Amino acid sequence: MIAGTAARAELAKSFYNVTSIRSEVLPNAVKITIQTDGVVQYGFDAATFTPDGNAGNSQATTSFKLRLLNARARVPSFVELGQYPVDSAQVSLGTEPLGSPYGIWYDDPNQLKVDIVLRFYVPVTLRQYDVGDWEDPTPAVLGPREVEVKRGPDRRSIVVTVITDRNGGAHGTPLARSPAADQKHALSVTPVAGARGRLRVSALHARLADLANAVSQQQPALPLITQTDAANTDISMFLPSCSAEELMGALATSYGVNASPRGAEEGGGWVIGRGEASAVTEILPLRYLAPADARLLFPDFLLPFVRADIEHNALVVTGSPALVAKLRRDLTVVDLPRPQVRVEATAWEFTSTADADYALRATRTLSSQSLAVDGEAGEFDLILKPDQVKAFSAVATALARKGRARLASKPNILAASGAQATLFLGQSRYIQVLQSTWQGQQPTAIKLQIGTTLSVRPTVESDDRVLLRLTPKFSTVDAIEPGTGLPTIGTREFDTRVQLRPGDTLIVSGLDVNLDSDTQKRLSPLARIPILGALFGARHSTRERTQFILLVTARRE
């Protein structure tokens, strides 16, 4: 048991972290840098880019897996790269055994591992790769859609270089976020009863070629012929009633294919293909959204047609004119300013729990739905209506006139929906401590935030309701260490989520604090003498208990 504990402790000391995965566009290539904060050790799963697991027989693939040993990930599980021909990187724990390890001589199941699967719009070939401490001394001349994987010069990164083919950058195979093996497939094309020439089309991850064949069987007079470049397009759609022309329009708008009618001498019907000659490229500027975020708002099957242009804060769309027009219209719906939320907090400080409970009981008199509350029970939160807030404020104001309560603070802040904001209700205090310098012990002042720090994250929902995540944190200086002069900070905090309708107020209680003070009174100048100080002075210790009650409102501006 001791040996196992020691081994785990040693393991915890030896790992490094994957800190970023980023892409960079070069004149004829895309460079992917997997950055870590330690000396990287990695290998491949050769089964992801070879048919027989032999790393020397690389074949074209749309993805391959890297495994980093002794590593942990500090990056999201899905990293959008979005530079043709590179789509994204999927990051996961390396818990499953590799199909065909290459460059990994011993895959310890108890070792920390990170798997990174690089995904591409079009098939690429892994042409040159260095693993471990071995590097190929003969540089390979890479061609279009060929890949080189090397460890960076600092040995803390992995550099993946992909040569582009510079053609048809947006016409790769559509990528899905979930593995194809986990997808369900369904296809149904039936005539609509009582409507001649109209079809009911239901497709889920169906090949375009299969959909075209099913439509042709229902309408032999209008055959659909699919060209090779579009035959494997993944189609998911539901049209309860459509004509052949409407179906062609939906395919062109949603999937970027071109449908050209055939003449009667050719047998009629339609020819469906990519038709690169008719593809157009358009830059769609963004006003409020970041390009990477805006791109991911579109469904998976449209991602190969959309590229994020971070430098110009825009999306670059390449596809059929109908597809580009559809994406332009969709973007006007989603590229909108985020709603603004005004968050106001009122902090009342009561000298006793009894006074705080007295003020809280006032909220019960005007609403039968209110709950009885007890300040001694700990933290709680309760939603009040406007009449209850007025009753509470009236009682608290009356207690303040008697010196038994105090309006400590009333800040407000404007935050975007979904963004975090911070309200500080308190004061900044400076204490003097001694620091060791080359000149010896030198006094210096450090700043402490003493009071209530209120972190809020408002999210606007339907009917102007606001989902509010609230995290109050109360801090006090409990004591000063005699030896070091450093303060001991006492904190209380909790986290809650509530939904506020217009006019609602959240009341939060239970943030009571004990403040200890120690004062010394000198009765004679002799009290300054260390030995005689106790005889000619008096020391007085007090403990003051106060309770804070917060009232928080959030409304859409």
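Me: In which loop is P85 found?
Reply: First, a heads-up: this is a predicted model, where local features need pLDDT of at least 70, side-chain atom pairs count only at pLDDT 80 or more, and totals for chains, interfaces and linings use all residues. Residues are numbered from 1 along each chain as its sequence is written, and side-chain values use heavy atoms, leaving out hydrogens and water. Helices (H or I, at least four residues) and strands (E, at least two) are DSSP runs, numbered from the N terminus. On that numbering, P85 sits in the loop between β6 (78-83) and β7 (86-93).

Me: Is T164 buried or exposed?
Reply: You'll find T164 in the loop between β11 (157-163) and β12. T164 touches Y84 and P85, among others including N28 and P144, leaving aside residues up to four places away in sequence; contact here means heavy atoms within 4.5 Å. The labels go by relative accessible area, taken with a 1.4 Å probe and protein chains only: buried is under 20%, exposed is over 50%, and partly exposed is in between. T164 has 14% relative accessibility, so it counts as buried.

Me: How many helices and strands are there in the chain?
Reply: The chain has 557 residues, and 43% of them are buried. Its contacts with a separation of 6 or more include 64% between residues 24 or more positions apart. As for the elements, the count is 7 helices and 31 strands.

Me: Which residue in β13 stands opposite T190?
Reply: β12 and β13 run antiparallel and are joined by 6 bridges. In β13, the residue opposite T190 is R200.

Me: Which buried residues does α2 have?
Reply: The buried residues of α2 pack against β12, β13 and β15, as well as β14 (224-226), α3 (244-255) and β17 (270-273). By name, they are L208, A209, L211, A212, A214, V215 and S216.

Me: What positive phi does H205 have?
Reply: H205 belongs to strand β13 (residues 199-207). With a relative accessible area of 24%, H205 is partly exposed. H205 is not a glycine, yet its phi is positive, at about 50 degrees.

Me: What about N70: what is its positive phi?
Reply: N70 lies in the loop between β4 (61-69) and β5 (71-73). N70 counts as buried because its relative accessibility is 13%. N70 isn't a glycine either, and its phi is about 55 degrees.

Me: How many residues lie between β1 and β2 in their hairpin?
Reply: Strand β1 (residues 16-25) runs antiparallel to strand β2 (residues 29-36), with 7 bridges joining them. One of the facing pairs is S20 opposite Q35 in β2. The number of residues between β1 and β2 in the hairpin is 3.

Me: At what angle do α6 and α7 pack?
Reply: D355, Y358, A359 and L360 in α6 meet F392, V395 and L399 in α7. Axes are lines fitted to C-alpha atoms, for helices over the stretch in contact, and angles run from 0 to 180 degrees between N-to-C directions. The axes of α6 (residues 353-361) and α7 (residues 386-401) are 8 Å apart, and the packing angle is about 150 degrees.

Me: A polar contact joins the side chains of R555 and which residue?
Reply: R555 sits in strand β31 (residues 537-556), and its C-alpha is 5.5 Å from that of V341, though they are 214 residues apart in sequence. A polar contact is a pair of N or O atoms within 3.5 Å; within protein, one must be able to donate a hydrogen and the other to accept it, and residues adjacent in sequence count only if both atoms are side-chain atoms. At 3.3 Å, the side-chain partner of R555 is E344.

Technical notes: Pairing = 2+ DSSP bridges.
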